[in-house]
Amino acid sequence: FVMRQWGLHQGLTEDKTIGANGFEKVKLIPDGAALFTRGMGMSCNWDTERGFGERSWRYAAVINDMKVEKLFIEGGGITQNSGPDPFEVSDAGTMLDYLKSVN
């Protein structure tokens with residue numbers, strides 16, 4: 001429900017095909033139990049600082065054919081209970097610049 005609403009708010013076109021579950025060109029993947037996050041080694045706890053508990057540290061990844069090609073990790077690495085919430089290298093501009101540079 002939350003992922004659908006977020007996708008709609010972002011202007012994504014819903015796939016209305018019977019049995020479809022998502023959007024036409026983008027697959028939004030929730031990670032409520034943090035299984036993907038832990039698998040990526042990006043799990044952090046923000047329980048004392050924000051009361052959130054386990055969350056994903058902010059990062060952007062290029063994944064091709066199930067292989068991580070490039071990671072942009074905020075703050076240079078994971079910080080448990082971080083006061084600041086950095087947002088400098090996982091932004092769309094950094095990702096687009098990288099993708100343009102490798103093509």
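Trainee: Which side chain does Thr-37 join in a polar contact?
Mentor: The side chain of Thr-37 is joined to that of Asp-31 by a polar contact of 2.6 Å. A polar contact is a pair of N or O atoms within 3.5 Å; within protein, one must be able to donate a hydrogen and the other to accept it, and residues adjacent in sequence count only if both atoms are side-chain atoms. Before we go on, this is a predicted model: local features need pLDDT of at least 70, side-chain atom pairs count only at pLDDT 80 or more, and totals for chains, interfaces and linings use all residues. Residues are numbered from 1 along each chain as its sequence is written, and side-chain values use heavy atoms, with hydrogens and water left out.

Trainee: Got it. Is Thr-37 buried or exposed?
Mentor: Thr-37 is buried, because its relative accessible area is 5%. Buried means under 20%, exposed over 50% and partly exposed in between (1.4 Å probe, protein chains only). Thr-37 sits in helix α2; helices (H or I, at least four residues) and strands (E, at least two) are DSSP runs, numbered from the N terminus.

Trainee: And what is Thr-37 in contact with?
Mentor: Leaving aside neighbours within four places in sequence, Thr-37 has contacts with Asp-31, Met-42, Ser-43, Arg-55 and Ser-56. Contact here means heavy atoms within 4.5 Å.

Trainee: New topic: how many salt bridges are there in the whole structure?
Mentor: A search of the whole structure finds four. A salt bridge is a side-chain nitrogen of Lys or Arg within 4 Å of a carboxyl oxygen of Asp or Glu. One of them pairs the side chains of Glu-14 and Arg-4, at 2.7 Å from N to O.

Trainee: Why does that pair tie together parts that are ten residues apart in sequence?
Mentor: Glu-14 lies in the loop between α1 and α2 while Arg-4 is in helix α1, so the pair ties together parts that are ten residues apart in sequence. Glu-14 also meets the side chain of Lys-16 in a salt bridge of 3.7 Å, N to O.

Trainee: Is Lys-16 buried or exposed?
Mentor: Lys-16 is exposed, because its relative accessible area is 69%. Arg-4 counts as partly exposed, at 38% relative accessibility.

Trainee: What does Asp-85 form a salt bridge with?
Mentor: Asp-85 pairs with Arg-58, and their closest N and O atoms are 2.8 Å apart. That pair links distant parts of the chain, 27 residues apart: Asp-85 is in the loop between β4 and α4 (92-102), and Arg-58 is in the loop between β2 (54-56) and β3 (59-64).

Trainee: Okay, what about the inside? Which residues make up the largest nonpolar core?
Mentor: The largest nonpolar core has six residues: Met-40, Met-42, Cys-44, Trp-46, Trp-57 and Tyr-59. Apart from it lies another core of five residues, including Ala-60, Val-62, Phe-72 and Met-95. A nonpolar core is a set of buried Ala, Val, Leu, Ile, Met, Phe, Trp, Tyr and Cys residues joined through side-chain atoms within 4.5 Å.

Trainee: Nice. Where does Val-68 lie?
Mentor: Val-68 lies in strand β4 (residues 67-73). Val-68 counts as partly exposed, because its relative accessibility is 44%.
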